[in-house]
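Look over the sequence and the model first, then read the points by topic.

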Amino acid sequence: MIKQWGDKYIFKIIYKIYIDMIKVIQISMKKYKVNFCMIMLIASCVLFQQGVVLSQQNDSNQKVILTGVVVDVNGSPIIGATVLVKQTEIGTITNTEGKFKLEAPKSSILSISYVGYDRVEIQANSKQLNRIVLTEDAKSLEEIVVVGYGTVRRGDLTGSVSSVNVESLTKAPVASFDNALAGRVAGVQVSTSDGQPGTQSNIVIRGAGSLTQSVSPIYVVDGFVFEDFDPSSINPQDIVSINVLKDASSTAIYGSRGANGVIVVTTKIGNIGNPTIAYNSSLGFNTSTNKMKLMDSYEFVKFQIERFPTQTRSVYYANTDNTEPMDPEVYRNTQTIDWQDKILRTGFTQIHNLSISGGSATSKYLASLSYFGQEGTIINTNYNKIHGRIVLDQAINSKLNMKLSALYVTDHTSGIVPSTAYASGTATSTLFFSAYGYRPIAGLNPDDNLNLEYNILDLDPNINLGDDYRINPKLMAENTDKNVINSSFIPDITITYKINKHLSFLVKGGLFRKIREINYFYNSKTSEGISRPGIVNKGVQGGVDFYQLNMFSNENVLTYTNTFAKTHKLETQLGLSFEGINTSSHGLKYQQIPFEELGLSGMDKGVPVPAVSWLSNSRSQSFFGRLNYSIHSRYLFTITYRADGSSKFPLNNRWGYFPSGAFAWRMSDESFFKEIKFLNDAKLRVSYGLTGNNRVGNFDYYASLGTPYNEYYSFQNQTPEMGVSRNALGNPDLRWETTAQTNIGYDLSLFKNRIKLTVDLYRKTTKDLLLLANLPAVSGFASAYKNIGSIQNDGLEISLSTVNVKNKNFSWNTDFNISFNQSKVLALNGEETYMYNYVTWENYFNGTPLYRTKVGEPVSEFWGIKWDGVYQYTDFDLVDNKYVLKPEITTNGSPRAQVQPGDIKYMDLNGDLIVNSNDRTVIGNPLPKHIGGFNNDIRYKNFSLNIFFQWSYGGQLFNANRLFFEGGVNVRPLQNQFASYENRWTPDNQTNKMFRGGSGGSGPNGIYSSMDIEDGSFLRLKTIALNYKIPSELVQKINLKGISIGLSAQNIYTWDSYSGLDPEVSVRDAVMTPGFDFSSYPRSLSMVFNLKITL
Amino acid sequence: MKKYIYISIFICSLIGSSCTDFLDTTPTDFLDPDVYYQTEQQLNSGLNSIYRTLPNFGLYGHRMISELGLQADEGYRYSTTTGDVGHYQTSSGDANVLLFWTVLYQGIDKANFLLDNINKPIMDSINRNQIKGETLFLRGYFYFLLVQNYGPVPLKLESSKSLTDGYLPRSSVGDVYYQIWADLTDAERLLNPINIVGFGGRASKSAAQGMLARVALFMAGHPLQDNSKWADAKYWSQKVINTGLHELNPNYEQIFINYAKNLYDYKESIFEVEFFGWNDPPYSNAGRVGVSIGGPLWHVKQVSTYGLTSGYIYSTDWLLNSYRAGDKRRDRNISNYSFNFNTGEMYSNLTTSGYARAARKWDRRDEPADKRIMQNSCENHPILRYADILLMFAEANNEIDGNSDSTYMCLNMVRRRGMGLPINLPNASVDLLGLSKDDLRKEIQAERAREFCYETLRKGDIVRWGIFLDRMKFADTDMQNSSMGTNIRRAYFTNATARDTLWPIPDRERGLNPKLTQNSGW
């Protein structure tokens, strides 16, 4: 309260408070028990006393030396806290003992601040200087929230903006903040496709608003807008705040790019004071959380006998007579080679951060350098990142300020990617197909097993090297040399000029230069480069691809603020921005490389292969404005408008217009609410607006001609001549995708802000969907961009923060959030009422749709045949010693005569007694019903503990691994299976779960059924971080400002019922193909030891 | 106040200077279809891409010559992984069925688009006619492949111009055939004679005439059964014969050696798919002729001699035994050797059943020694041979009770060549004479199998003759009684049902275009 008033009013204020208190007491007396009133009385007396003290020292302006100590609630000194004399440029920072000393007018007010703590303002001559206690930032109404093109007091927010608890987020030992974001913010769904190190998260805010186009939010980092941004470009340790803008009122200022939500990140700049050097380091390990249980040698041979009797006899029973039955008991308790063990390891993780910062009132600086290194849990897969940043914030004079910053980040992902098949047509060429499917035993002779273990190929003649691409998984992973190296350089400059008290102007210019290099060298021990005996392939191959992005952006914003008649506050902004992006890609590729020992540098000795080369560019230009108007801070209005022009659309549709409006009513300020004393704040927010999405290719509206080599034709054995054909039909009517969003929110803060509740209800309707729509092949084209269809997302978000315990030694805060989102397709392409979607992973299945998106239903549903267990003997008549399917029982799609007891059984939905594509139906829903997180911050003396849980409930997964490893049509000879398939149907084990092992048991090929749909719900103990701050007395003895040590762990335990490795999986992740699992990289548990030293 | 003015000027200048042209960008990575096709050269480039349809992976590039074109009684595909259209065990989601459809309609749109632009360049009219004729020939052939395999299909004769094109209903089989007829007759008028064209890789007048004869036979057969077409078949096949430009290659084996060695013999090989090289970068024009079928599955120890072949298809007893002793075609078409599975040793399998003998026709030993181990081959694949013209003439002439002398002459020329005898010299031990019309029809049907097995013609033939199911059931029973009659081998024949005369309309297409109906049984 004090800070808003001049010194001479202090007494007045105190008096006013006192009078208010008396009134309160009078009211309370009627309602509350006497002891409560006593507390209030005491409190008011204390305040009054203080007021008296303050008032006594009024009116003295001479300079004095002020000293003080700044401590936290535990009494530990806070080192490096900024102490500023208000309305002057005098300032200092606290030393290692938390003490400060400065000269200031006797009557001045000191403002004491430190990152992560609430700012405190104290009269210079207060006794409190002896012990200034900073409490941790409680996200109060005064908290400044960074929103698009500006900041706003949380209390004045009209839109839906969630702030991330950055302090607990950054405790997770991860490479990038997005990896720890899941479950932290209501309405924000964060997932990664699998556990591959360096994988970027897929972030979806308030449900997918687009079907085929990117649904990822845009990022605004210190005011710089990025469309396709890799969050790992930001060092988590540099982050000050992360705010997620969700409703149209907050995002419409970003117009055509706002529809997917906006993540606003603010990074550190230096604090006023002496240079502070901070070093922190985390060292630890990461290990796979799960592996599949496979058949042992005995179970394997038993299965082979059932499935491939001829082959099994020649391999495992070579010395037996053809008439003699094969006895699997021979292989009981023999050696079993565990191929998963051979490719999995415990990896080492290290994180180092070094920063120096400091500054004066006119100039602040910060430089930081960090390194993140992680060995993946699959051998030879690694992720490394180096990150450097420098910021200088310089006030040139009282009106002009300039901020310069530059960021350089480079990361390097290397090693095999298990979820991709090198021979795209066949799933057998993936890493885990080999790891699960390589046989566990070669025979009874130990030499055979050694050969199997150390040779790259299993040369058993029963394995058809032409359609079975298994190779030794250990050698495959060891030898795959694939590197993705990203480097980004982002310099930017921000100039602010205060024209006068009410008017300021901001110019921002920035560059974003990104280079991605992908290089690979596949030697003769990799799937790609191997020479299979007799098969001439492309031989040893290598290549490099460079992708470049150069973006420039310029933003100019004029801000006007004024208060009229003391209660009418007005803030307006007008802006103009320009952006241009040039992209290009160039590559080199060679095959038949003769000297593989030279690696990539000997690549040019090989035969050149056509590689990629293209250039492209896009431009955009925008005008935008915002008007914030409030009366008594009680009635708050926001109006925004943006006009966007983009080169991605044809002339007639080039400009898009995106208005929005919001109203908030702080009910708690109304007199009738003021009487409810435990209520600190209650605010109702309503907003509506339009946002857009322009995520299409730069020239997708053009028709185009192509001349690829595969259009060439050779006549008379001459060198092929050029072939030219149209490769895109274009769409001259392409236009913006528009999302209309209504948001109703309610914020409630109770019991001195110890309970805070935010509830938001929204409806998001996207129309004119930018859709890469399938075209009938009859048109001659596979697909084209169209503006068709409409999707609606309805949702509810609840966030609850509580301070459960708060005292000197012990505090416990919790944050809980839960979000529900329900999507519904309102329309698709004209007469088209549904769209099928396919995943590409295996020839025999690629042509069968696994997903369907239908008007009136959620965005994506699993589509296939309903599984009905296994045919039992009762389904058959015994005719001439043969089992003949009863006439009223349906086939499973195989010819009736071939169906036998133990075969897989499907449901015949249309009653024609044949199961075929007409019997397909919805077999599952990949989208979760609700997601959320539960965070606990516990502090006891110098110990702090963070425990974070994350969950996802109600989404289903398709476990395609089971199509190959629990029987299945495509099982190859000598291919191992999951141990679960041991429980298959046999005459002695007439289960209804797994079909029989023999050939034909799995029915026709290319069928997706509900058998492999599984529940993907999970609750994950995501992060535990324990920290101990060494008491400052001890630290000061060795001349340091602070030391803390700790342990943190990520992905500790998951409760789920999924039979695969991990329920958070989606290896073909896209809006219309979520939740597909095949050969995924196992997720890892990381645990690190942390040390943080401040000099 | 000055500052306001400066700022205003700054902003205005930014807006003024950039509003108009800042957002204008031009694509740099592709050409504009509206302004291309200005020269003869550019028309030819367009034509090349239409030809490129034929060697596509989904057609003669792989799928047709390893399974899709061969699902008849001439052999069976044996592999442990079953469950696709190649085994008659499939659904409307089959990727190969979709690919076949997609590739052909892409080719049709390319042809339609070239026809739109055909008159743009200023050029010699003979050359323009040749290009137009080739385009029409190919469009007709593409529809012919479609109608044979899917029955009624959408007829699209205009290039796609907007995104709403392509949502067409199926036209009746008759309408499709009449369009094919129109395209081929136009092509026949426009195309140059084969001696001018000079080789079988380009469409020529002979190719169009021969194709008209084939189409006429199909129209006369199932499902249209338009009896008036027998006469057309005779007329057009006779036209080819009467050109005097064609004659049978005296050596049956030489035909296939020519394909492997990239030698052209337009007298015998009237129209063929061209494959080039072994996919050495940057070109990707190699095929799999010889790789898919070319004798028994390769063995490591034999690969340098016999070449790399997948041995997809095995013969049937019926086909093997239908050759008379001494018929040179038997051992060319069906291998008389095998490799020991474990040791790789080559052994003669003359005594084993046809079901255990791999189809051989495209023997890779005819390729250069250093190339026969490549995963792809340069071997061309025939679409229309002169022997076919002769047998089509014989068949049509027999049906319309034409002069039986000419029927027997044509048939016997093919038979004599098969035996390695002089083609034009009557030979009592080989020649057929004096059969009833029905018996002669049966002989011609069998002769076609002996002559054209594994050339992707047999299924079309037995479907148009209306004997598809009979032949498949026959093979099923026959195989069951042989020593090779395991379920998995036989599956191919067991699975075939009445619906299999046609493939299903692909799911994807029906999902997009509700006007498309499904074939019965799918």
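In chain B, helix α14 passes helix α16 in a left-handed crossing. (A crossing is left-handed if the near helix is turned anticlockwise from the far one by less than a right angle, and right-handed if clockwise.) This is a predicted model: local features need pLDDT of at least 70, side-chain atom pairs count only at pLDDT 80 or more, and totals for chains, interfaces and linings use all residues. Residues are numbered from 1 along each chain as its sequence is written, chains are lettered from A and ligands numbered from 1 in the order in which they are written, and side-chain values use heavy atoms, with hydrogens and water left out.

**Helix pair in chain B**

- Two packed helices are described by the angle between their axes and the distance between the axes.
- Helix α14 (residues 386-399) and helix α16 (residues 437-452) of chain B pack at an angle of about 165°, with axes 10 Å apart.
- That makes α14(B) roughly antiparallel to α16(B). (Under 35 degrees counts as roughly parallel, over 145 as roughly antiparallel, 65 to 115 as roughly perpendicular and the rest as oblique.)
- Axes are lines fitted to C-alpha atoms, for helices over the stretch in contact, and angles run from 0 to 180 degrees between N-to-C directions.
- Helices (H or I, at least four residues) and strands (E, at least two) are DSSP runs, numbered from the N terminus.
- Residues of α14(B) including B:L391, B:M392 and B:E395 meet a set in α16(B) that includes B:L440, B:R441 and B:I444. (Contact means heavy atoms within 4.5 Å.)

**A covered helix in chain B**

- Helix α10 (residues 252-261) of chain B is mostly covered, with seven of its ten residues buried. (Buried means under 20% relative accessible area, exposed over 50%, partly exposed in between, with a 1.4 Å probe and protein chains only.)
- Among the buried residues of α10(B) are B:Y252, B:F256 and B:Y259.
- Their cover includes β2, α13 (328-333), β6 (381-385), α15 (404-418) and α16 of chain B.

**Sheets in chain A**

- Four strands form an open, antiparallel sheet in the order β39-β40-β41-β46 of chain A. (Two strands pair if DSSP finds at least two bridges between them.)
- β39 (834-837) and β46 (920-924) of chain A stand at the edges with a single partner strand each, so one side of each has no neighbour in the sheet.
- The twist averages 40° from one strand to the next.
- Four bridges join β39(A) to the antiparallel strand β40 (residues 851-854) of chain A.
- A:Y834 stands opposite A:K854 in β40(A).
- Another open sheet has three strands, in the order β50-β49-β53 of chain A, with mixed pairing.
- Its edge strands are β50 (1013-1015) and β53 (1076-1077) of chain A.
- Three bridges join β49 (residues 956-959) of chain A to β50(A), and these two run antiparallel.
- A:Q956 has A:D1015 in β50(A) as its bridge partner.

**Backbone details**

- A cis peptide bond joins B:H222 and B:P223, with omega about 0°.
- B:P223 lies in the loop between α8 (205-220) and α9 (229-243) of chain B.
- The bond from B:P281 to B:P282 is also cis, with omega near 5°.
- A:S633, not a glycine, has a positive phi near 55°, and is partly exposed at 21% relative accessibility.
- A:N881, not a glycine, has a positive phi of about 65°, and is exposed at 70% relative accessible area.
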